[in-house]
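Hi,

Here is the structure I promised to pass on. Have a look at it first, and then read my notes below.

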Amino acid sequence: MLKRVMLAFVVLAALLLVRSPAHAFGKDLEEKITKQGLNSAAVFLRVYHKASAEKILGVLFNVGLNDDQRLRVLLRAGLSREQITAVGAGAQASGLKGAVKAFTDLKLDAEDVLKAMCIVLVNEYDVRTAINFVIQREGLNEEMLNEALNLPYSGWELGSAPQGEICGSLDKLEGVDILRLWGNPRQRGYAYGKLMAKQIMSFVNRHMLTEAMDGAVGDIPWDAICDAQYMRYDFDAAHLEELKGMLLAMNEALSETERTVAKYKRLLRLSDLLCLNTAGDWAGVYGSALCTRAGDSNLAGRNLDVRYDDNSEIFKRPLWLVIEPEKKTEKGQGAYATLTWPGFICGYVAFSQNGAFAMLQDGDGENLDKVHCQPRALMLRRALQKCQGAARFPDELAAQLERINVTRGAIIVAGGKKSRPPYVVAEVDGNHEDSKGVEFRTLSPEAGKATVTAATLFEVRYKEEREKWYAERKEKDKNFEMPAYITDARERLKKLNDASRNKEISDVESLFAALKKAEFTGQNRVTTVNAFVVDADKGMVYVKLGQTRTVGAHGVETKKFELEKVFAR
């Protein structure tokens, strides 16, 4: 029935796309295309942003997509098959008006269809064809199109800077910068931008917009990643407010030359700061983790493996960030701390003031090509700030991880002071039909399992199916080889598990020694930048901060931080 109804959508194609030959546009458009990498998704997204259901559905059924592509767009937009059938039945009965009426009666969001459609169109349309299409269909001229391409998305308008005292302080703790922020979200972000404007711009220009990050996304241009922030992610209002405050402060603190994105010769935008905070989602955050009982302590250790730049910017600027929520407007939230970098309002190893912690790294996964995705590090920040009790944090986190959308699979190591079990490893992806999208591994000392390890490979989700599939491939093709990311992750897990079985781990430093066996040393521009060991019960964090690619985390002395002092103001 669904297929027959999808075929009925053909009647809506009153205007079939005529692909116009490529030609040169005016200077402004040509610069966006040739210098900033404007793509077709951005054209459609900007022109039809917040348009009516009639306008967006009209584009969907006239833009040249086939039935299967349109079906995938509607499914990706969150419509159930029953809803798609209802919209199709409306189209069959009354054309576009019938489809729109059914869509409206179901109280569906046309903007979700637009976002999902752009994910498809970016691969189907070259940018010049997209420009010709919208100009012809909407009766635009180039000046009007340029204006649309420069407008901020709804909800991204900056507003005004907060007044009053700066709600932040920048100090040193064990030789590392520590930025403490308080007040409401806009005040916090404004203080961040005032106190660290130059460091943020340096990190953007000398790390984010370098060949290191280019390698993470192939030929996808930076501005396309910027547009994807609106197209793919749902940001908390408080997080957006912090970044708006940050940009407002940087606009005041820096000259236009100082706040220019060097690679594209344009001023810093809110979308650039959003990209910074979702870097782990689009560029990846890797690592190896080992949780074990050592002496009288429950320890969780991890290598933080990320992309390095030739400027060593990723090594030069470690930053302790501490965020205190405003009590009146952010009730039920506690303070949050993470060891991160300038411009980030989240991190990959983070803590709540009441003793919970979470560590994030990539995992494989399924059903990741969706809209309404959670930026993973920001999602963990929210979970830690809402933590009601460190001993219960693994259970609290479990509930928050069910049925979320993510753009990359996630492996999350989490625990808390006096939590039992002391640590869990969550494997999260977008396949909600399988265990609501999340499964857990944990320590089971009573069953003789005192250690749990993790690399960038799910160990529970899909393991049997994956092994069966690879065995069948090998049987059919003797030359078949496992993908490199699987063999690499397995090798690292073996080294960590061997260290545990051989009883090599007795304290913090021997746990670091075990992690050293699984470190990255610059392969494919990924290296072990930092290494951590957390003793949640004692409120201690031990960190090795790498200095360069050749003197990585495991080549330096350990720094020791008491979480009580990190959170103290």
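Strands β9 (residues 349-352) and β10 (residues 356-363) pair in the antiparallel sense, over three bridges. Helices and strands here are DSSP runs, numbered from the N terminus (helices are H or I with at least four residues, strands E with at least two), and two strands pair if DSSP finds at least two bridges between them. For Ala350, the bridge partner in β10 is Ala358. As background, strands of a sheet pair through backbone hydrogen bonds, either parallel or antiparallel.

Before going on: this is a predicted model, where local features need pLDDT of at least 70 and side-chain atom pairs count only at pLDDT 80 or more, while totals for chains, interfaces and linings use all residues. Residues are numbered from 1 along each chain as its sequence is written, and side-chain values use heavy atoms, with hydrogens and water left out.

Back to the sheet. Both β9 and β10 belong to an open sheet of nine strands with mixed pairing, in the order β1-β2-β7-β8-β9-β10-β11-β12-β13. Its edge strands are β1 and β13 (438-442), each pairing on one side only. On average, neighbouring strands are turned by 20 degrees against each other, direction ignored. (Axes are lines fitted to C-alpha atoms, for helices over the stretch in contact, and angles run from 0 to 180 degrees between N-to-C directions.) Helix α17 (residues 376-385) packs on this sheet, touching β7, β8, β9, β10 and β11, and its direction makes about 160 degrees with that of β10. Contact means heavy atoms within 4.5 Å.

Elsewhere, the axes of helices α13 (residues 237-253) and α14 (residues 270-277) come within 10 Å and cross at roughly 125 degrees. The two are therefore oblique to each other (under 35 degrees counts as roughly parallel, over 145 as roughly antiparallel, 65 to 115 as roughly perpendicular, and the rest as oblique). Among the residues making the contact are Leu240 and Leu243 of α13 and Leu270 and Leu273 of α14.

Leaving out residues up to four places away in sequence, Ser202 touches His207, Glu313 and Arg317.

Cheers
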